[in-house]
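Dear colleague,

I am handing over the structure that follows, together with notes on what was found in it. Could you read the notes with the model open beside them?

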Amino acid sequence: MNPILYSMLLTILVPAIASLCTDDAGEGLQPMFYSQSCPSALATVRSITWNNVAQDPQLAAKLLRLHFHDCFVRGCDASVLIDSTPGNSAEKDAVPNQTLAGFDVIDQIKAALEEQCPGVVSCADIVALAARDAVSYQYKRPLWPVFTGRRDGNVSLATEAVADMPKPSSNFSVIQQQFASNGLDIMDLVVLSGKAVYLYACIDMLLDVANRARYKSVKACNLIVVVWSMSNGAHTIGQAHCAKFSARIYNFTGVGDMDPSLNPTYANYLKAMCPINVNPNVTVDMDPRNSLNFNNHYYQAVLNNKGLFVSDAALITDPRSTVYVNMMTDPEYFFTNFATSIMKMGKISILIGQNGEIRKNCRVIN
């Protein structure tokens, strides 16, 4: 799609979608924050992101995960991008973040934008936009609105990433507390545990003029059929290294036992894929049915005790979240509620106005 046409479409679509799909875009964030200060920003992010995803389709999941990890530590401020220095170990070097990827794509985007509009577009907004655009590549259109205007943080501490990121081994109480500290409730916890990307019916209604009649029965901004999911705690796309869950199948309580809540057949499969002393680079699909398909099978897997991590199984250890997990097996219910949750996550502790800075290099504080 022509970059100018893409920007024009976003100018029309994002405010329209925003008015239909959400009542609160996040204080200080705007649908087209850069429309005057850097008109080419959105098209540039999209072009570079799409070029990279075309070469490496796994980047979609990687950039989405990067956005999640950024927002859960100090808020959505791009602190996860900052490199460590001799005097400081930064977030990206914390254990939960050592398998993050996509930093080079963010660097490419930032370099291009600094040439076009020096000191204007924040790294925090680039992370949010690149995550959306990476997943949108397959459909050649924006799949959800990203409101912009975030500024970059100037603090990045590995110790905070270790403390604040939800862990695969966490129980429900711990996960709930971590989500609650970011203003996210149990519904958000369940929805974002499947960390999904969706195609808005309202986007299709606006874009697909020829077939608009077929959407007459669709309530404005209900979400439809596609899901591409992954996250730090619970996963529906991608792979996980055996070391991340080996204790669950070989030494759950420290006496050489297996987690009794794990489906025995699934446990045997995991043991076959990850024998003791397996090569640390070996990975297993996060979705036991198919980690590459667009679907919401994750929730049924959890109900069948086939969640890969302890944090997956934790979702059905509390009656409140169990109700939501069951509800999420209905695609329409799941898709509708995800919109609210992803918007809430994208505005966690954002820096706006004169707070923070606009980094010249996303890896280095000004």
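The axes of helix H3 (residues 59–71) and helix H4 come within 10 Å and cross at roughly 80 degrees, where axes are lines fitted to C-alpha atoms, for helices over the stretch in contact, and angles run from 0 to 180 degrees between N-to-C directions. Where they meet, Leu 59, Leu 63 and Leu 66 of H3 are in contact with Phe 103, Val 105 and Ile 106 of H4, contact being heavy atoms within 4.5 Å. Helices and strands here are DSSP runs numbered from the N terminus (helices H or I with at least four residues, strands E with at least two).

Some notes on the source: this is a predicted model, in which local features need pLDDT of at least 70 and side-chain atom pairs count only at pLDDT 80 or more, while totals for chains, interfaces and linings use all residues. Residues are numbered from 1 along each chain as its sequence is written, and side-chain values use heavy atoms, with hydrogens and water left out.

As for the chain as a whole, its secondary structure comes to 15 helices and 4 strands. Of its 366 residues, 52% count as buried, where buried means under 20% relative accessible area, exposed over 50% and partly exposed in between (1.4 Å probe, protein chains only). Among the contacts in the protein chain with a separation of 6 or more, 75% are accounted for by residues 24 or more positions apart.

Turning to the cysteines, the count comes to 4 disulfides, a disulfide being a pair of cysteine sulfur atoms within 2.5 Å; I describe some of them here. Cys 38 and Cys 117 form a disulfide with their sulfur atoms 2.1 Å apart, and with 80 degrees about the S-S bond this link is right-handed. The pair links distant parts of the chain, 79 residues apart, with Cys 38 in the loop between helix H1 (3–21) and helix H2 (41–55) and Cys 117 in the loop between helix H4 (103–116) and helix H5 (123–136). Both Cys 38 and Cys 117 are buried.

Cys 71 and Cys 76 form another disulfide, with 2.0 Å between their sulfur atoms; the link is right-handed, with 115 degrees about the S-S bond, and both cysteines are buried. Cys 123 is joined to Cys 362 by a disulfide (S to S 2.1 Å), which is left-handed, with -95 degrees about the S-S bond. Here too distant parts of the chain are linked, since Cys 123 lies in helix H5 and Cys 362 in the segment after helix H15 (331–345), 239 residues apart. Cys 123 and Cys 362 are both buried.

What does Ala 314 contact, leaving aside its neighbours within four places in sequence? The residues are Ser 170, Asn 171, Phe 172, Ile 175 and Ser 321. Ala 314 sits in the loop between helix H13 (310–313) and helix H14 (319–328) and counts as buried at 4% relative accessibility. Its C-alpha atom is separated by 7.8 Å from that of Ser 170, although the two residues are 144 apart along the chain.

Ser 321, in helix H14, counts as buried at 0% relative accessibility. A polar atom of the Ser 321 side chain lies 2.6 Å from the backbone oxygen of Leu 315. With neighbours within four places left aside, Ser 321 is in contact with Phe 172, Ile 186, Val 190, Ala 314, Leu 315 and Ile 316.

Finally, the buried residues of helix H11 (residues 264–273) are Tyr 266, Ala 267 and Leu 270. They cover an arc of only 100 degrees around the axis, which puts them on the same side of H11, the arc being that of the directions from the helix axis to the C-beta atoms. On the other side of H11, Pro 264, Thr 265, Asn 268 and Ala 272 are exposed.

Methods:
Polar contact = N/O pair within 3.5 Å; in protein donor to acceptor, adjacent residues only side chain to side chain.
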